[in-house]
Amino acid sequence: RASAATIAWLDGGWYTATSPELEVVEPRGAGDAMTAALAVGTARALAPRELLSVACAAGSATVTRTGLASAKSDLMEALVPLVNVVAHDGPPLNGN
């Protein structure tokens with residue numbers, strides 16, 4: 001799952017996002033962190049590309065910590081510009 005692109009339908013458009021590869025210490029909680037970031041970003045009315053970048057960065061940062069604690073916010077912020085978000089004209093197939 002971590003190596004696969006995220007596929008999202010946001011604000012009437014299809015997007016894929018790929019996160020930077022990191023050393024996975026604990027994969028549990030990454031989806032929860034991503035979902036939480038999507039909720040907060042939506043409440044803050046972030047644009048789709050920024051919303052997806054923040055969500056993927058949150059999920060990615062979460063796998064680097066030990067146990068089920070939250071990831072460090074400075075790591076998440078550093079990862080945001082490293083997430084590659086691409087808009088698509090139609091549904092992407094296999095994350096491409």
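On the side of helix 1, the contact is made by Ala30, Ala33, Met34, Ala37, Leu38, Gly41 and Thr42. Helix 2 contributes Leu51, Val54, Ala55, Cys56, Ala58, Gly59 and Thr62. Contact means heavy atoms within 4.5 Å. The residues of this contact divide into 10 nonpolar, 4 polar and no charged. In this grouping Ala, Val, Leu, Ile, Met, Phe, Trp, Tyr, Cys and Pro count as nonpolar, Asp, Glu, Lys and Arg as charged, and the others, Gly among them, as polar.

The model is predicted, so local features need pLDDT of at least 70 and side-chain atom pairs count only at pLDDT 80 or more, whereas totals for chains, interfaces and linings use all residues. Residues are numbered from 1 along each chain as its sequence is written, and side-chain values use heavy atoms, with hydrogens and water left out.

Turning to the whole protein, there are 3 helices and 3 strands. Their pattern along the sequence is β-β-α-α-α-β. Helices (H or I, at least four residues) and strands (E, at least two) are DSSP runs, numbered from the N terminus. The C-alpha trace spans about 40 × 30 × 20 Å along its principal axes. The radius of gyration of the protein is 13 Å, which agrees with the value near 12 Å that a compact globule of 96 residues would have. This radius is taken over C-alpha atoms, and the globule rule is 2.2 Å times the number of residues to the power 0.38. Among contacts with a separation of 6 or more, 71% are between residues 24 or more positions apart. Of the 96 residues, 33% count as buried; buried means under 20% relative accessible area, exposed over 50% and partly exposed in between (1.4 Å probe, protein chains only).

Gly59, found in helix 2, is buried with a relative accessible area of 9%. Apart from its neighbours within four places in sequence, Gly59 is in contact with Ala30, Ala33 and Met34. Leaving aside neighbours within four places in sequence, Ala57 is in contact with Met76, Leu79, Val80 and Val83. Ala57 and Ser73 are 16 residues apart in sequence, and their C-alpha atoms are 9.9 Å apart in space.

Asp32 is placed in helix 1 and counts as exposed at 59% relative accessibility. From C-alpha to C-alpha, Asp32 and Ala55 are 10.0 Å apart in space, and 23 residues apart in sequence. Ala43, also in helix 1, counts as exposed at 69% relative accessibility. The C-alpha atoms of Ala43 and Val86 are separated by 22 Å, the two residues being 43 apart along the chain.

Two loop residues complete the picture. Ala45 is found in the loop between helix 1 and helix 2, where its phi is near 60°, a positive value in a residue other than glycine. Ala45 counts as exposed, at 64% relative accessibility. Asp11 sits in the loop between strand 1 (6-10) and strand 2 (13-18). Asp11 has a positive phi of about 50° although it is not a glycine, and at 72% relative accessibility it counts as exposed.
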